[in-house]
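This briefing covers the overall form of one chain and the place where it touches its partner. Please keep the sequence and structure in view while reading.

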Amino acid sequence: MKILSLFCALAYWIPVSAQTLPKPVTGTVINSQTRLPVEQCTVTGKVSGVATITNKQGWFSLPASPTDTLVISHIGYATKLQAVVTDGSQQPLLIQLTELNTELEAVTVNTGYQAVAKERATGSFVVLNNDLVNRRVSTNIIDRLQGVASGVAFNKSDSKGTDEISIRGRSTIFSNATALVVVDNFPYEGSLSNINPNDVESITILRDAAAASIWGARAANGVIVITTKKGRFNQKAVLDINSSFSVGTKPDVFYVPKMQTTDIIDIEKMLFDKGYYNSVLNNTTTYPAVSPVVEILQLRKTGAITQAEADQQVDALRGIDNRNDLTNLAYRPSTSQQYALNLSGGSQGVAYFVSGGYNRDLGSLAQVNERISLLSRTSFSPVANLQLNSSISFIQTNAAEGIYPGSASVYPYERMADDNGNSLPATRSYRKGFISQLQQRGFQDWSSYSLADAKLTDNTTKTNEIRLALGGRYQLVKWASLEFNYQYQQQAAATRNYQAQQSYFVRDLVNQYTQFNATTGLVTARPIPLGGILDKAHSESVANNGRLQVNINHTSGRHRLSVIAGGEIRQVRSESNSLRLYGYDPLIITNKTVNYDSSYLTFPFGSRSKIPNAPSAGTEFLDRYLSGFANGSYTYNNRYTISGSVRKDASNYFGVAANQRAVPLWSAGAKWDIDKESFYKLRWLPLLSLRMTYGYNGNINKSLTAYTTALSGTNNFNLPNALIINPPNASLRWERVQMVNMAIDFRSRNNRVEGSLEWYVKKGLDLIGSGGIDPTSGVARFTGNVASMRGTGGDLQLNTLNTTGAVAWRTNILVSYNTDKVTDYQLVPTAGAMVSGATISPLVGSPVFSVYSFNWAGLDPATGDPQGYINKQVSKDYTKLVAPALTDIQYHGSARPLFFGSFRNSISWAGLSLSANITYKLGYYFRRKGLEYNTLFASLTTHSDYYKRWQKPGDELTTQVPSLIYPVVNNRDVFYSRSEAMTEKGDHIRLQDIGLNYNMDKFVQKRLHFRHLEAYVYINNCGILWRANKNGIDPDHQQVAPPGIHYSFGLRAGF
Amino acid sequence: MQTSYKLLLLLCCMTLGSCKKGWLDEKSNKGIVVPTTLKDMQALLDYNVVMNNGSSLFDVPSFAETGTDNYFLQTPVWQALSGALLYQKNAYIFAKDIFEGTLEVPSWNIPYQRVFYTNVALEGLAKIAPAPAEQADWNNARGCALYIRSNAFFWLAQVYSKPYNATTAGSDPGIPLRSVADINAPSTRASVQETYDQIIADTKEAARLLPAGSPYKIRATKPACYGLLARVYLAMGNYTQAGLYADSCLQLYNVLLDFNTINAAVLYPVTQYNAEIIYPDATSVSLFIPSRAMADTVLYKMYGTNDLRKTVFFKPVGSTGYYSFNGSYDGTAAIFSGVTAAEMYITRAECYARANNQTAALADLNTLLIKRWKTGTFVPVTALSAEDALYKILAERRKELCFRGLRWMDLRRLNTDSRFAVTITRMINNITYTLPPGDIKYTYPIPDYIIQYTGMQQNPR
């Protein structure tokens, strides 16, 4: 800094000679990246020796002959040569200077505690710069990591894993598996969808022990550090605007292949004839609903209508498929609007950044999501050695739920609305004949109108977040500074769910509690009053974080030492409660009181119940942490670096024995810059370095305690009661992950090929495992530190510059490999549990998420029954087949991809740039859903495999779908649906997105005095290019339709 | 450098050291407790969702009821049973393999969950030295714990171990009698004799500790203990003791419901926690919902026209001409298995009859029945002999205590007497299944996974 100002001061004194004075050349010097003007830049005529300095606008004027060449230089920038005459015109020149930093000093990584030059970092970091963060158009910041962050997997289709995102695979079996997210120094509590992506400057992902260990007991799953933008001192005020509009297609309701209505009706007729519905039809106490078809068949059976009438009524339903109604009446294309505005700048002592953002997303059902975000960050330097930072962030979101009308109408031939769009009643809980005679007794109409109902519910959630941060850094001596940071974060969410009196929910509840005279049947009292029902829920969390740390950066000769050390204190207090108001009238804001203490006879079930949702005390949590940490690195001669870190965390997790509250964790690493050695002669490979780290990260599981713990409540006699939630476990410890990482970084001459290859081995130790206990003990599950696992993998990142010149073509390749296996587990799960896959059933030697299936022996040629093997003999003993020995099941492989990554190409030419990202997931398995007669009969859950079912001998050669039999043999369905026949390879390649940007800087800078103008088009979810399965299933979206193609259009402008 | 660095380290250490103690002792979840106090122990035992509520899956009494002749299933209904009702489906036809590898059998797990709660409470109470003012509460908690555990053991013994036979009870395998909260303690089967001995000893202790009555119906009391003891001795065929304990119970509590005051038009006419109940316990199993299980036609025909139980207990099922049982003392479709004053009257009557005390036996029977018949229509029961009285009392016992799991206990003990032995017959799809008296299928198998975990001996079947 000092050298720079000295140089600038000197530059003023360089005399400008005025001799023959050729015509002056004018122009502007700008920074090639930020596109901001560069002031104090020296412009010299190479021949004439005449020189000048650019002004604040980067403008210069210099007399120079047309044959001369200008030398443009500035400290920190690469010196540029520019011929005076470019095209004969007398237009001002636009000269772009490239910052040296971006080429040599590459990137800094931000750990949340310090920013480290990547070249001196031993750990495994992935940095997404602003360009990559902005590449994707989305309102959610985390979406923007997808397909561009090496080693980061998005686990879309897992219902049992809680980790939507995993960094380098899984490090735990049952505990928290989500990565820690840090925003501006401190862990971020609350919903990440609150963060405005336009405020984000960069994202750093900490992948190994050395990188993440500074976060100690919460680092085992990796850390995502988000850094927001800030102003710089001595920077001209700039204004940036970004606006976009997106539109997405309607969900494809036909994605899951189903049977045609006419065939479903035939199934119902068959079941009716077999007496399947007898017990339901004979139920004259609660009159459970039967389908309209069964209703008609019953009328025919009792003789109320003729066969011809019955046939005619049933046939009229055969052509209806209510999925059409869902598409036409309920769904609409989704849209999203985004507006963002940033203002930043700075003077000698103050730098500021102010931003505002507004999003409005409309979902494909009537959902609305709005977000307003405001951020203001200020730095000022009142005295030379002190810099103070403050930041205020305010975010408000408003969300209105959309109601999915399809859940109420299960029968495919029940239309939601007639041809005029009027909502039609759907068969729901009770038979129509029963409902129809109740109204005259004084009950509310008990019909369900699914389409109309969606409009009678108003479910909105409003959240507010305030984040205040204050920090300061005092330079004690040249090489040491003292730093403090404090952050206050408050989040409040209020949900308001109003259901009008006409809604099915209210009518149903009122009717259930309606009291009537036993002899006349007439209604006598309504313990739940008429009127709407309003449910309000409120939750709030307040986090206070404080940190004090000392930073040391000392360079002397060939030694460079960098150390941070400090302490941290953190408290999160959260509470939530909910309240229900009955008989609510939104117009005059009144409600009616109810008697929560009495038990009422409920109708038609006849049991006695109290009115639900009595006021309760809610929940209250208080989490406290105290940590001490130190992290240091030492570099010798710019080529040998060693690093180390230690951290100790203590918390108030309840029930943990006092001596186990604190967990110490540490890491160490080394780096060798081979290219800087004197013996290194490879000129084509100017950068080559090796890195290695080793260390431990921790993971916490808040659900466990060392003592028997119980959850307090109140029973129906208003007596305090207690539910045991945790049996005692005196030897409970926190989980640890040990990790070794080895890496090589390289770059060829002229940046043609650049990248890194990393290899790691990680071991999960003292992992919490569950299961493995005799239920006679009184607990069905035991949880303790019984497990360990091992993961290995690698990440390759390769960036190539394929062409230079007018057309620049770059390719970015990400290949990640990850595999894990359980190495220690006390309990051997049953083969049935492993095949079912409904819960995590760890087996030593296999991945945590594995796909197993029953051995498949094809269909019986005589009957079409599915067959398996018992002791290598073909068998149809389904009871035995679904509970085989461990040796009798088939292991297919991991349920999570072994290989994943992306292949991204960008081509730019004269302001136009086109980029397309292809992502892939390889080497894994999944089980597809097919036809199950059990659910087909019980709930008419159909699958088009019905048409492929075995019907006559010979069919077994072409199909694997079993024959239809009645009565259902449960385990026959279970066996088939979990057999080898239903297992598919998950491998697929997807064209994730295409982006097209048009940069109009040259044009606007000349004509409109804009700094920057860019228009962009972005197409997301373009589709699958190749998949291994032949059934057209998107392995990321098996149960529901994958999101349709999403088109975005936008504009960025800078002034 | 040295000074500032040391200063900071000192600061950190101070922060960490000084506030670590108190600051980190604050509870993380305000709703969670480590049960240590007397109140906490009672709160565990008052957790009635597990201990005695109708919504729990205590399940053993209903599993017992599955094997009785009180009901039948029509073929289509039986065929449609699946999922959680799979083992009821198999038990209905006395199949050899009932569980088919089912991995969670509530009839085993939930009674032992009750046992675990009581063991936690009993161990906790042992560590508390109550102040004189707390002695009554302490006694109450220990008494409740012993009662709940004994009740669970009793039902488990009715289902998973052989009927009591004094000559072989010492070697017949009983049930695991878990008495420690340590979940790692091994489970082994005690003998039938040890099982009954412990149930009796514990219940007797509970009877000494508990008060004669409680303001909270869900808590065990002295009469509840005597009622349980009467049941236990009845199951053992010790009619002298059974009669004595039924008598002790009735001395303290003998309120009977007058069925003339009950509104039979309601779906479930008998209310939960009604005055006749001495100890409530119920289990809901969807096999016995009115549209599935139909009341046995012979049973239904046993009720006289003016017997109010005919309408209070039974409701017609659609147009089938059959009837469902709607008379649960839980006020729901749940199987009620608690103790009532009526059960004690009928138990004492049986014991009097067996002791040749015909007059006292008929007096008890008529005391009960007059409350069951339409006012003015009841003709007191008479008998030719004590044996005749016994026949009549056992017929009334079946009518009064149907759908409570108790019929299973009665079948097991009465089958040893050729006068009362019956063969149970099922008909599904025109195939007949029978359960002859004294068959080994009167003992259910232990769930397969329990055998795998513990290596304990399986019941032959």
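**Chain A and its side facing chain B**

In chain A, 68% of the contacts between residues at least 6 apart in sequence join residues at least 24 apart; two residues are in contact if their C-beta atoms, placed from the backbone, lie within 7 Å. This is a predicted model, in which local features need pLDDT of at least 70 and side-chain atom pairs count only at pLDDT 80 or more, while totals for chains, interfaces and linings use all residues. Residues are numbered from 1 along each chain as its sequence is written, and chains are lettered from A and ligands numbered from 1 in the order in which they are written.

**Overall form**

- Chain A contains 17 helices and 51 strands, which are DSSP runs (helices H or I, at least four residues; strands E, at least two) numbered from the N terminus.
- The radius of gyration of chain A, taken over C-alpha atoms, is 34 Å, close to the 31 Å given by the globule rule for 1055 residues, so chain A is as compact as a globular protein of that length. The rule is 2.2 Å times the number of residues to the power 0.38.
- The C-alpha trace of chain A spans about 120 × 65 × 60 Å along its principal axes.

**Interface with chain B**

- Contacts link 77 residues of chain A with 75 residues of chain B.
- Strand β31 (residues 619-636) of chain A supplies the largest share of the side of chain A that touches chain B, eight residues.

**Pairing between chains**

- Strand β35 (residues 709-714) of chain A pairs in the antiparallel sense with strand β1 (residues 32-33) of chain B over two bridges; pairing requires at least two bridges found by DSSP.
- A:L711 stands opposite B:I32 in β1(B).
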